[in-house]
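User: Could you walk me through this model, starting with the loops and then moving on to the fold and the aromatic rings?

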Amino acid sequence: MKPSPPDFDQRYFRSALGRFATGVTIVTTETADGRPWGLTVSSFNSVSLSPPMVLWSLSKEASALPHFLAAPRYVIHVLSASQLLLAKRFSKGTQEERFHGLKIKRSPNGAPMLADPDTAAWFECFNHAQHPAGDHTIFVGQVEHCERRYSQPLVYHAGDFDLTPTIEPISGH
């Protein structure tokens, strides 16, 4: 049995996908010659608790693809609502512009990562597997180290960054 062709166009499909709110991440690694490389990604999800694994995807057209395919490790930074400008910064421009003036540190196993204390969580991942899927490549990372903070997440919804719920209880009830 084969799938039937879609009864919608790409624009409609993108709009339908936009109804699902996602978190926002920045994924960082380094090139073979040691330059930091990173981009904003909203296709992040958990896969397994044992062993701890996560996934994210990247367009096959992305200039970053060869760097992430070759990287032994990468770091996924889950952004907080206060990091909207950082998310926008890593969504366009050159790598030099994205990293200019930012403090970078090394994850426990040596991958470059943002040294921003506002990051809601981060996951250092061994580049476990890559799977071609349509016009994207799915990356499966085995998490080796992670940290989390209690902060409001940055959310992507309907093609733009969106407001996030308050962490304070609703009063008056």
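User: Where does Pro51 lie?

Analyst: Helices (H or I, at least four residues) and strands (E, at least two) are DSSP runs here, numbered from the N terminus. On that count, Pro51 falls in the loop between strand 4 (45–49) and strand 5 (52–59). This is a predicted model, where local features need pLDDT of at least 70 and side-chain atom pairs pLDDT 80 or more, while totals for chains, interfaces and linings use all residues. Residues are numbered from 1 along each chain as its sequence is written, and side-chain values use heavy atoms, with hydrogens and water left out.

User: Is the peptide bond from Ser50 to Pro51 cis or trans?

Analyst: Most peptide bonds are trans. The one from Ser50 to Pro51 has omega near 0 degrees, which makes it cis.

User: What share of the contacts links residues 24 or more positions apart?

Analyst: A contact means heavy atoms within 4.5 Å. Taking the contacts with a separation of 6 or more, residues 24 or more positions apart account for 61%.

User: What kind of pair do the rings of Phe68 and Tyr74 form?

Analyst: Rings of Phe, Tyr and Trp (its six-membered ring) pair if their centres lie within 6.5 Å; planes under 30 degrees apart are stacked, over 60 edge-to-face, the rest tilted. The structure holds nine such aromatic pairs. In this one the centres are 6.3 Å apart and the planes sit at 70 degrees, so Phe68 and Tyr74 are edge-to-face.

User: How many residues apart are Phe68 and Phe139?

Analyst: Their ring centres are 6.4 Å apart with planes at 70 degrees, so this pair is edge-to-face too. It links distant parts of the chain: Phe68 is in helix 2 (residues 65–70) and Phe139 in strand 10 (residues 136–148), a gap of 71 residues.

User: Are Phe68 and Phe139 buried or exposed?

Analyst: Buried means under 20% relative accessible area, exposed over 50%, and partly exposed in between (1.4 Å probe, protein chains only). Of the 173 residues, 34% count as buried. Phe68 and Phe139 are both buried.

User: Which residues do ring pairs link into a cluster?

Analyst: Phe68 is buried, as is Tyr74. Ring pairs join these two with two others, and the cluster is Trp56, Phe68, Tyr74 and Phe139.
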